[in-house]
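Hi everyone, thanks for coming. Have a look at the screen for a moment before I start talking.

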Amino acid sequence: MKFSDRILKIKPSPTLEVTALANALKAKGIDVIGFGTGEPDFDTPDNIKQAAIRAIEAGKTKYTPAGGIPELKKAVIEKFKRDNRLEYKPSEVIINSGGKHSFYNLMQVILNRGDEVIISSPYWVSYPPMTELADGTPVIVDTTEERGFKMTPDQLERAITGRTRAVVINSPSNPTGSAYTRQEIEALAEVVEDRDILMVSDDMYESILYDGFEFFNIANVSDKMKKKTIVMNGVSKTYSMTGWRIGYMAGDASIVERVDTLQSQSTSNPTSISQWAAVEAINGDQGMIKEMVAAFDRRRKIIVEALNRVPGFTCLSPNGAFYAFPGVEGVYRMQGWQRVIEKYKSEYNSSRLSSYLLEEARVAVVPGIAFGSDAHIRLSFATSDKNIIEGVLRIDEAVRKLS
Ligand SMILES: Cc1ncc(COP(=O)(O)O)c(C=O)c1O
């Protein structure tokens, strides 16, 4: 079969792949503890489900405008005002079929062949492929654990070329959980302020922050920065609605209009029922977010402490999101590592370690190479305290066998 160069360039999402593998083992009766999934383990709150049921019963099951119903746009505008002190008109807001769809569509409308998008590494798995699917070129800026996995203004300056079209900021970050402070964001803004570069702020984990960390968006720096920023967010993580597929973005009306055109000729509207559920999520009682974040915070402390006790592991405490991203190079230096290399044929150490942990410890983690760093693995702590304790204990036992 002949396929397009476009599709041949990209691989399936490794995070979804790990989850599928863990589920397949579970289906065979093998007891696997999964740290792979990037979704809250809470149910969607009942008020949101009820809103969806009411929408079905009221016959709100037909096409809507491609860019979303006015009621949801209004809710999103209110949300930006309430939570972010950002004012947008309806023409500056669009509803997409999930946050992934937001980013994909944006890349489709802003990039031409060879246009560059600056992405700091470790990055969310889908940014580079979505850039490439739009014929763009991802320009990867490597960050370090010592600097909290954050891009410095100097690094940003050096990455900019005449082809730079956009810079992605994802704070708090998937996979590292690190978040930029107001000062750090302001320093990055200074670099791009007078340049014709679009800032893409992916705020998907905005509401999941710890230790009183204050979220700050680059669009808040100045009016000038607001004009050159596209803010993306969604209901997937904040309201435990990953399956409902609702994301949204706000910014320059001419960009939003083009995304609307693209949606009108590709996906049409995001699911009507999910849109009504999202109206309730954003306008309704926000109490469940606090409860969810409190549970994540407790689990964060348990997992970080436990991972730091595993020989060869070092783990920073994340500022936000629900991922631990331990450095595991110490394991690659262990005496028994050669056995792992011989057994697992992958060219990447983090993939070998993940396979070893799956087979030896029956624990599913995501290799760091999927996020651009072979020196790390990612564990989602959106799972029960019991699973975290038992899972890290199993990792510990398996790693000790290599020392
Ligand atoms: C950083 C980041 N952005 C966007 C998304 C997209 O979320 P969704 O498409 O489920 O709304 C994810 C999901 O994992 C993410 O981690």
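First, some housekeeping. This is a predicted model, so to speak of a local feature we need pLDDT of at least 70, side-chain atom pairs count only at pLDDT 80 or more, and totals for chains, interfaces and linings use all residues. Residues are numbered from 1 along each chain, as its sequence is written.

Okay, helix H11, residues 272–283. Helices (H or I, at least four residues) and strands (E, at least two) are DSSP runs, numbered from the N terminus. H11 has twelve residues and reaches 17 Å from first C-alpha to last, close to the 16 Å expected at 1.5 Å a residue. That expected span is 1.5 Å times one less than the number of residues.

Is H11 largely enclosed or open? Nine of its twelve residues are buried, so the rest of the structure largely encloses it. Buried means 20 or more other C-beta atoms within 10 Å of a residue's own; 12 or fewer is exposed, in between is partly exposed, and the C-beta atoms are placed from the backbone. Among the buried ones are Trp276, Val279, Glu280 and Ile282. The cover over them includes helix H3 (46–57), helix H4 (70–84) and strand E2 (93–96).

Now the loops. A cis peptide bond joins Ser121 and Pro122, with omega about 0 degrees, and Pro122 sits in the loop between strand E3 and helix H6. Ser171 to Pro172 is cis too, omega near -5 degrees, with Pro172 in the loop between strand E5 and helix H8.

Which residues other than glycine have a positive phi? Ser240 is one, near 55 degrees, in the loop between strands E7 and E8. Ser240 is buried, with 22 other C-beta atoms within 10 Å. Ala321 is another, with phi near 60 degrees, in the loop between helix H12 and strand E9. Ala321 counts as buried as well, with 30 C-beta neighbours inside 10 Å.

Last stop: Ile377, in strand E12 (377–380). Ile377 is buried, with 30 other C-beta atoms within 10 Å. Where does Pro326 lie relative to Ile377? The two are 51 residues apart in sequence and 6.0 Å apart in space, C-alpha to C-alpha. Leaving aside neighbours within four places in sequence, the contacts of Ile377 include Pro326, Val328, Leu353 and Val365. Contact here means C-beta atoms, placed from the backbone, within 7 Å.

Methods
Contact = placed C-beta atoms within 7 Å.
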